[in-house]
Amino acid sequence: MVRPQSKRRLTIAAAVGLACLSAIVAARHAGTMLALAAEPEAPKKLDPAAWGSDHVGQGVPAYMEGGECLFCHRNDVGGEWQTDKHNRTIRDAPRTEPAMEALAEDPGLKDFVDQVELLMGDTRAQRFLKRADAYGKVDLLSPVATFGRGRRARLEETDNPHWEIDTFALECAGCHTTAVNPETHAFSTVALDCYACHGVAPDGHTEDAKQILLNTVQPDSPAVVTSICGSCHIRFGKSKSSGLPYPNNFVPGDNLFKDFQVDFDVADDETLNPADRHVMHNVREVVVRGNESMTCLSCHDVHQGSSAKHRDLPVVNSCQHCHSAATPIKSHKRYQVHSERCQY
Ligand code: HEC
Ligand code: HEC
Ligand code: HEC
Ligand code: HEC
Ligand code: HEC
Ligand code: HEC
C-alpha cells in the first residue's frame, strides 16, 4: 500500500528527530532528571492464552441492544453516549459534513454523493459507505477523506474511484461494528454498541451491579479489561481461526489471546506513533509481563471521553511515549497517527 508507507517515512523522520532532541535534552538535564519508578528488571514472560475461554466456533450470543440499556441508563450515560466516538465511528452522512462537501466539490467524485449513506472515522480520516444488498454488509468507497488543520477535508486515492465489495466485511467490520457473524461476517449494528464492551448484561445486574462487566463497584481483572479494549485497539493482530485482522466472535469476558495472535514486539518499535505504541506497551505489560499496575482504565474514563485522570499517576518509563523524561511533565510531544490496518 503506497499511501500509508510514504506517510510512515515522514513519521519516522519526525520520530527520529524527536528522539535525538529528547536525548540531547535528557543529557543536559541529567542532573535534574525525574526519578522514574522502575518497571520490573527481568520481566516475566507469561503465556497470554493461559486463562479463560473464548467463543470461537460458536454463534453470537443473544444480547440486549443499546436502546434498551439506555431506557434505564439514560441519565447516567445517555448524554455522553450521543457524542461518544465508539457510538459515532459509523453514522449517517449529512451533506453538510466536511467530507461530504469535499466529495460534492470534486468533479470526478460528485456522482457518488447521492450513493453515500454512512460516514466512518474521525478527525484524521473518514471513509464513505453505502449499505449493500446483503444484510449486515456495506460497500466501502475507495477514496479517503483526510483532515489537516481546520475541518476542511482533502480527498486522497481519487484515481479510479469505485465501491469495494468485500473489504469492509473482511478487514474492518470486527472493530467498527457490533456482533459480527463469524460465518457470514455480517454485522448486527453499525458502530459500537454497549455489548462491544459490557458483553451480555445479566438480568440480575440491575439488583447487583457487580454482575456486569466494567461496572464501577468491583473492578474486573486487568487481564479481562485488556482483552476487552485490546479486542479493537490492538491493530497488529490476526485471528488464528479466521485468518482475519480482527478477533473471531470475541465476547467481553473472553480471553482475547486464545485465538488472536499479536505481535507484542511492536511495542518496542520506536518509529510507531505514540497512540498505538502506548496501547501496545500497556497490553504487553499486563498480558505478557504480568505487570498489572496500570490498565487502560487507569487513564481513560470511557464514558466521559477523558484521560484527565492520567495526570495524577506516578511517572514511569512508559510516560515517555508522549512526554519527555527530562523535565517534570509539563508538555507532551506532538504526534501524527497513521495506521496500515485502517488505511490512513
Ligand atoms: C483491529 C481493529 C481494527 C480494524 C480491523 C480496523 N480498525 Fe479502524 N480503527 C480501529 C481503532 C482502535 C481506531 C481508533 C484508533 C485511535 O484513535 O488511536 C480506528 C480508527 C479508524 C479511523 C479513524 C481515524 C481517525 O482518527 O480519524 C478510520 C477512518 C478507520 N479506523 C478505518 C478503518 C478501515 C477502513 C478499516 C478496514 C480496512 C479498519 N479501520 C479496520 C480499529 C480497527
Ligand atoms: C468502549 C467501551 C464501552 C462501551 C461501548 C460502553 N461502555 Fe459503559 N463503561 C465502559 C467502562 C470502561 C466503564 C467503567 C467506568 C470507567 O472507568 O469508565 C463503563 C461504565 C458504565 C456504567 C457505570 C458507570 C457510569 O458511568 O455511570 C454504565 C451504567 C454503563 N457503562 C452503561 C453503558 C451503556 C448503556 C452503554 C451503551 C449505550 C455502554 N455503557 C457502552 C465502557 C464502555
Ligand atoms: C431494567 C433497567 C435496566 C436495563 C434494561 C439495563 N440496566 Fe444496567 N443497571 C440497572 C440498574 C438498576 C443498575 C444498578 C445501579 C446501581 O447499583 O447503582 C444497573 C447497573 C449497570 C452497570 C453498573 C453500574 C455501576 O454503578 O457501576 C452497568 C455497567 C450497566 N448497568 C450497563 C448496562 C448495559 C450495558 C445494559 C444493556 C445491555 C443495561 N445496563 C441494561 C438497570 C438496567
Ligand atoms: C469493538 C471495538 C472497540 C472496543 C471493544 C473498544 N474500542 Fe475504543 N475505539 C474503537 C474505535 C473504532 C475507536 C475510534 C472511533 C472513531 O474515531 O471513529 C475508538 C476510540 C477510542 C478512544 C479515542 C476516542 C475517545 O473517546 O477519547 C479511546 C480513548 C478508546 N477508544 C478507549 C477504549 C477503551 C479504554 C476500551 C476498553 C474499555 C475501548 N476503547 C474498547 C473501538 C473499540
Ligand atoms: C498511562 C496512562 C494511559 C494508559 C495506561 C493508556 N492510555 Fe490511552 N491515552 C492516554 C493519554 C494521556 C492519551 C492522549 C490524550 C487523549 O487522547 O485523551 C491517550 C490516547 C489514547 C487514544 C487516542 C489516540 C489518538 O491520538 O488517536 C486511544 C485510542 C487510547 N489512548 C486507547 C488506550 C487503550 C486501549 C489502552 C489500554 C490498552 C490505553 N489507551 C492505555 C493515556 C493512557
Ligand atoms: C498517549 C500519550 C500519553 C501518555 C502515555 C501519557 N501522557 Fe500525560 N499527557 C498527554 C497529553 C496529550 C496531555 C495534555 C492533555 C491533558 O492534560 O490531558 C498530557 C498531560 C499530562 C499532565 C498535565 C501537564 C500539565 O502541565 O497540565 C501530566 C501531569 C501528565 N500528562 C502526566 C503523565 C504521566 C505521569 C504519564 C505516565 C503514567 C503520562 N502522562 C502518560 C499524553 C500522554
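A polar contact is a pair of N or O atoms within 3.5 Å. The views below come from a predicted model.

**View 1. Polar contacts of ligand 6.** A nitrogen atom of ligand 6 lies 2.8 Å from an N or O atom in the side chain of histidine 323. Histidine 310 also takes part: one of its side-chain N or O atoms is 2.7 Å from a nitrogen atom of ligand 6. Arginine 311 meets an oxygen atom of the ligand, with a polar side-chain atom 2.8 Å away.

**View 2. The shell around ligand 6.** His310, Arg311 and His323 belong to the surroundings of ligand 6. Other residues there include His278, Met294, Leu313, Pro314, Cys319 and Cys322. By class, this shell holds 6 nonpolar, 4 polar and 2 charged residues.

**View 3. Polar contacts of ligand 2.** A polar side-chain atom of histidine 198 is 2.8 Å from a nitrogen atom of ligand 2. For histidine 303, the distance from a polar side-chain atom to a nitrogen atom of ligand 2 is 2.8 Å. Valine 302 uses its backbone: an N or O atom there lies 3.3 Å from an oxygen atom of ligand 2.

**View 4. The shell around ligand 2.** There are 17 residues around ligand 2, and Cys194, Cys197, His198, Val302 and His303 come nearest. Helices H2 (66-81) and H5 (195-198) each give at least two residues to the shell. H2 supplies the largest share, 6 residues. The shell divides into 9 nonpolar, 5 polar and 3 charged residues.

**View 5. The pocket of ligand 2.** The space that ligand 2 takes up is the second largest pocket.

Technical notes: Residues numbered from 1 in each chain as written. Chains lettered and ligands numbered in written order. Predicted model: local features only at pLDDT ≥ 70, side-chain atom pairs only at ≥ 80, totals over all residues. Heavy atoms only, no water. Near = heavy atom within 4 Å. Polar contact = N/O pair within 3.5 Å; in protein donor to acceptor, adjacent residues only side chain to side chain. 1 Å grid on protein atoms, 1.4 Å probe; cavity = no way out; pocket = protein on both sides within 12 Å on 5 of 7 lines; lining within 4 Å. Sits in = over half its atoms within 2 Å of the grid points. Helix = DSSP H or I, 4+ residues; strand = E, 2+ residues; numbered from the N terminus. Nonpolar A, V, L, I, M, F, W, Y, C, P; charged D, E, K, R; others polar.
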